[in-house]
Every structure is written in structure tokens, then in C-alpha cells.
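Open the model in your viewer and keep the selection tool at hand. This tour goes from stop to stop.

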Amino acid sequence: MNDFIIGIMAVSATLGLYGAALMLYRKKKSPLLQPILVVSATIIIVLLLFRIPYETYMIGGQWIEVLMGPAVIALAIPLYNHYERLKQLAVPILAGILVGAITGVVSGILFAKAFGFERELILALVPKSVTTPVAVSIAETFEGPIPLAAVFVIVAGISGVLMSPFIYKLFRLKHPLGRGIGMGSASHAIGTAAMMEQSELEGSISTIAMVLSAVIVSFIAPILVMLFL
Amino acid sequence: MDFIRIILHIAFLYLLLFLGNAVQDIFQLSIPGSVLGMLFLFFLLKSGIVKLDWIKEGTSLLLKHLTLFFIPVTVGFMEYLDLFSGRGILLLVVTILSTALVMGLSGFVSERLVKRKEVQQYE
């Protein structure tokens, strides 16, 4: 089979599954049914069952992935729409994000150290709370394993989306601000995208948290690694 | 007609992405090009150089289906199943615990500060 046909198949399968998962999610409204989770898990299972390598899927998958960059840029729009409201809340927003950025890097290092993992693996954990492109460039500066760093970013994103209802209850987060800051700081673009489906205000707060925490983490991570690792 | 409009809007976003990547490259920044591109778009909108109406259809389509574009990267998880089958599973536990802490603490700090601010406004 030539690459073009494989690509078309991968894209149509992904789009078809996504459409079906989206309908199911809108009907049931359960965070466990997040399309990104359902679709990715289904594709992984199918690929493993038929022994199809990831690279083969990516012949088509990359056609979808190319839209990731423009989609991140489009996040400027909710930010613009809610700018006036967010400006008044600058102090709580910045304080929350800073606490989140430090907590993410330090707790990752200390927990992994407690379990006795080697330095290489711990370095891959450091940028897990920030969006993939930033996490990759942070991992590059540490000379840590880059694909592994991307995997931890995904785990932080998906697990954050799944845990969010529970975390909001546990920490009594009722305000859109607390929820948005928590989601964006912990689960970056995946969390933001999931949140955007529920409320544009929470989604735009999450966008701010995601962007600022990416900037803050890339500045503080080298210092925190020196101090704690 | 809408289809052409959407294509043009996305092409415009690509232009910003290209600019963002170029700026990152030239100044050797640790902030990725896509985030820089987003900041450019924000300033273009804020200053009124670009009107929201000009790019509405394409951008709202992307924003509505944001998670779709992250699916191919997420599927990449399958390449690491071996690592997580043994003791490596603890790395997942660490990631999940740390994520929960980040979400809870950052949200808690923001929310407490907002409440204090709201109380001050009443006094």
C-alpha cells in the first residue's frame, strides 16, 4: 500500500472516531469520556492488535498534528475576549501560577528521587506541567530524553482532566478562576482544550495559566533542578 | 465560500507561527514559536490592527476541536508501554500525584486571593 492511501486511512479513522466520541461525550458529559482519551486509547489498542507501528499511523497522523501550532495561536482569541476581566485579577492569577510552576517541578523531582529513579528519568519529568513544544525545549536544555518528556506531558494532561472533578472538590475550588488556574497550570493545552468545551471564561483563564506557566517554568526549572536534584 | 475563508484564516495563523518560530530562532528564546505567535495575535487584536471578524470562522473551528489536534501526539504513548510495564509504572504515579498537587495548590492560592479581594471591596 502506498503512503498516500495509508495516510488517508489514518486521517479518516481518526476523524471518524473523534466525531463519534464527541457525540457520545456531549450526550453523557462524563470527563472519563473526553474525546482525546477515548480516541487515543482506541487507536492505540487497534494499532497494537494489528501490530501496526506508530510511524505508520503518523503518515496520516502528522496531517492532523500540523494544525496543533495554528490551534495554539488561536488561543489568543479567548484571551482577547476576556482580557478586561482578567486584568483586574492579575495578582491572584500570577500568584497561583507561580505556586503551581514551583510545585510541579519540585514535587516531580522529590517524589521521583524518593523512589530512587536515575537522574536521566527525573530530568524528563521536570517539564511535565507545560505544553509539549515548551516541554521539549526545556528537556533539550537539560539534555534529558526528549520523547519521554513528551510522554509525561501527555500523562499530566490526561490525568489532570480525569482528576479535575475530584481535585476541585478536595481543594474546594468553586470560582472559575481557581479552576482555570489549576487546570492550565497542571494540564496545559490538553486541560485547556477540555475546559474550553465547558466554559469559555474558565478556558481562557486556563489559557493564561498555560502560557504563563510555560514561560515561568522555562525560567525557574534550571534553578530548581540545581537546588533539588 | 466559507471553506475558502477557513483556509485563509488558518493560513494567516501559519504566518504567525512562522513569525513566532523565526523570532525564537533569532533571539534563541526558550519560549516556543507557537506561544510567541499567540502573543503576536493577541497584540494585533488588542491594538486593533487585526479585527476579530477577519479571522472568525477559521479560528472558531480550530478552537472548537482543539483536542483533536493533540490526538496524534497522545497516541505516541504506545511507544513507551514497555517502560511503564515494570517499576517504571511508579513514574506514572509520580506524574499523576504531582499533577494533582499542582492543580489543587495553584487553584487554591488564586481562589483564596480572589476571595480576599472581594471581601476588601465590601469594606
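Select L47(A) and show its surroundings. Beyond its neighbours within four places in sequence, L47(A) is in contact (heavy atoms within 4.5 Å) with I52(A), Y57(A), V75(B) and M78(B). The C-alpha atoms of L47(A) and Y57(A) are 8.0 Å apart, and the two residues are 10 apart along the chain. L47(A) sits in helix α2 of chain A, residues 35-49; helices are DSSP runs of H or I, at least four residues, numbered from the N terminus. L47(A) is buried, with a relative accessible area of 6%; buried means under 20% with a 1.4 Å probe, protein chains only.

This is a predicted model: local features need pLDDT of at least 70, side-chain atom pairs count only at pLDDT 80 or more, and totals for chains, interfaces and linings use all residues. Residues are numbered from 1 along each chain as its sequence is written, chains are lettered from A and ligands numbered from 1 in the order written, and side-chain values use heavy atoms, without hydrogens and water.

Next, select S159(A). It belongs to helix α10 of chain A, residues 146-170. Is S159(A) buried or exposed? Buried, at 9% relative accessibility. Leaving aside neighbours within four places in sequence, S159(A) is in contact with I96(B) and T99(B).

Now colour chain A by domain: domain 1 is 3-66 and domain 2 is 76-228, with bounds from an automatic or database assignment. Their centres, taken over C-alpha atoms, are 25 Å apart. Six residues of domain 1 of chain A are in contact with eight of domain 2 of chain A.

Note on methods:
Helix = DSSP H or I, 4+ residues; strand = E, 2+ residues; numbered from the N terminus. Buried < 20%, exposed > 50% of the residue type's maximum accessible area, 1.4 Å probe, protein only.
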